[in-house]
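User: I have a structure open and want to talk it through. Can you take my questions as they come?

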Amino acid sequence: MEIKAIRGFNDILPDEIGKWQFVEKTAREVFEGFGFSEIRIPIAERTELFSRGIGEATDIVEKEMYSFIDKSGNSLTLRPEATASMARAYLEHKLYTFDPVAKLYCIGPMFRYERPQKGRYRQFYQIDAEVFGVGNPMVDAEVILMLIHFLKRVGLEKLELQINSLGCRDCRPRYRDGLKTYLTEKSFRLCEDCQRRLQANPLRIFDCKVQTCQEAIADAPKVIDFICDECDVHFNRVKEYLGMAGLDYILNPRMVRGLDYYTRTAFEVVSYDLGSQNAVTGGGRYDNLFQEIGGLDVPGIGFAIGMERLISLLPKDKEFIRHPDLFIAAPGKETHKEAYRLANQLHVEGIRAEFDYEGKSLKSQMRRADKLKARYVLILGEEELEKGRVVLRNMEDKSQEELSMDNILDILKNKILRG
RNA sequence: GUGAGUGUAGCUCAGGCGGAUAGAGCACUGGGUUGUGGCCCCAGUGGUCGAGGGUUCGAGUCCCUUCACUCACCCCA
């Protein structure tokens, strides 16, 4: 039996890698410009980092983690998200001693055991950006601004920014209880799932697509009505600063986050071209995370971008594949060796040169040059080579010129690296 | 974890109510043009029909099991 990749784990093939490289490169440029530094964190951590950070009762921790016992008996987990690890690294290496404010980003794969679907895989890539050590709402707006700027830079326009406030440790439980009381009276109108949600996480009922549940919750109290004065002030400031930056947003009082550590500002960017998994990106403030994982009281805010989802939205017509600059066609035995020698010299100069290894007919080599979309073909014919001359053909406009072999390297460098 | 749909060549898909060597287009290789790509023409390579079992004289086709993919629920980026 042929061995195949495991379920929900995908290969990213050469014909699509250009998009990935483009997105990563753009993220680095934009984030570095905003003062962020890259950090690389391990792919596995002790399981308790996630169970304490993300929250025992969340779906991620309850049923989606790739956990295993290693040979020394420790429970390890393949990272389902990056924030907890980044916070751990900040604490462990005492990055706050250099500067209490840390702006970090991280690009890499995450792992969650879920049923694969459009925009949802078991190994998926995220671009994460986090700011640790600042509680000021200015940073909330700044992070969102950077995110939107990045999305524009990669060419996405038809997106919707949604924001909400989730309250804090003090006011959120009050809201939760209030909502629960309100819905318990109407529980007979809720679907089976929502009956369960009512006990486990009543906020999730906002997400339910069942008609009667939507009706039941239509006039339910909203988080914003319950949040404490400090949270209210914070949220108003965030909105003010977003306005100052000229950003359009939609208030979505029903937006809920699935990770327990989120507090106050929560945001999502959704696309209606994505299907069911419509969040390209999501994030928010998490002022309790650091204490949950046993560290100092450090505020934080950040977001994660789903790379697969983002890439599926990239303009289809844009060309991301790199083609050879030059194809060296050498139909004869001796010229074949010359092609090898020249190709290697060109590679050292950073010129993407290709040639035929099999010694096939000129026609066959020309066909291959065409298929690979080479810009130029250098024809090394037996007769010309004896005279020390070669033919350079421009594949686009079909023009040809005969050149001397003596300084061919310089000529090609001039033509290709400048053109 | 639940539901629905789909698995035939590298890709997209035909294969009537079970019948003899399983097809097409594209792609690939070679040739038509002894040294010049795309278009055209000709030829060739390529399949355990997802896997396992069953029914039958006979299974790509019918039945069961299983696996994978897709979409949705759920959940989230």
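User: What are the ground rules?
Analyst: This is a predicted model, so local features need pLDDT of at least 70 and side-chain atom pairs count only at pLDDT 80 or more, while totals for chains, interfaces and linings use all residues. Residues are numbered from 1 along each chain as its sequence is written, chains are lettered from A and ligands numbered from 1 in the order in which they are written, and side-chain values use heavy atoms, with hydrogens and water left out.

User: How many helices and strands does chain A have?
Analyst: Chain A has 16 helices and 16 strands. These are DSSP runs numbered from the N terminus, with helices being H or I of at least four residues and strands E of at least two.

User: Is chain A compact or spread out?
Analyst: Chain A is more spread out than a compact globule, because its radius of gyration is 28 Å, well over the 22 Å that the globule rule gives for 419 residues. The radius is taken over C-alpha atoms, and the rule is 2.2 Å times the number of residues to the power 0.38. Along the principal axes, the C-alpha atoms fill a box of roughly 95 × 50 × 50 Å.

User: And how much of chain A is buried?
Analyst: 49% of the 419 residues. Buried means under 20% relative accessible area, exposed over 50%, and partly exposed in between, with a 1.4 Å probe and protein chains only.

User: Which side chains have a polar atom by a base?
Analyst: Arg120 is one of them, with a polar side-chain atom 2.6 Å from a base nitrogen of RNA strand B. Another is Gln400, where the distance to a base oxygen is 2.9 Å.

User: What about Gln126?
Analyst: An N or O atom in the side chain of Gln126 is 2.9 Å from a sugar or linking oxygen of RNA strand B.

User: Change of topic. Where is Ala89, and what does it touch?
Analyst: Ala89 sits in helix H4 (residues 83–92) and is buried because its relative accessibility is 5%. Apart from neighbours within four places in sequence, Ala89 contacts Ile39, Lys94 and Leu95, where contact means heavy atoms within 4.5 Å.

User: Lys94, then. What is its phi?
Analyst: Phi of Lys94 is near 50°, a positive value in a residue other than glycine. Most residues other than glycine have a negative phi. Lys94 lies in the loop between H4 and strand S5 (102–111) and is partly exposed at 46% relative accessibility.

User: And Arg264, buried or exposed?
Analyst: Buried, with a relative accessible area of 18%. Arg264 is in strand S9 (residues 263–270), and its phi is near 50°.

Methods: A polar contact is a pair of N or O atoms within 3.5 Å; within protein, one must be able to donate a hydrogen and the other to accept it, and residues adjacent in sequence count only if both atoms are side-chain atoms.
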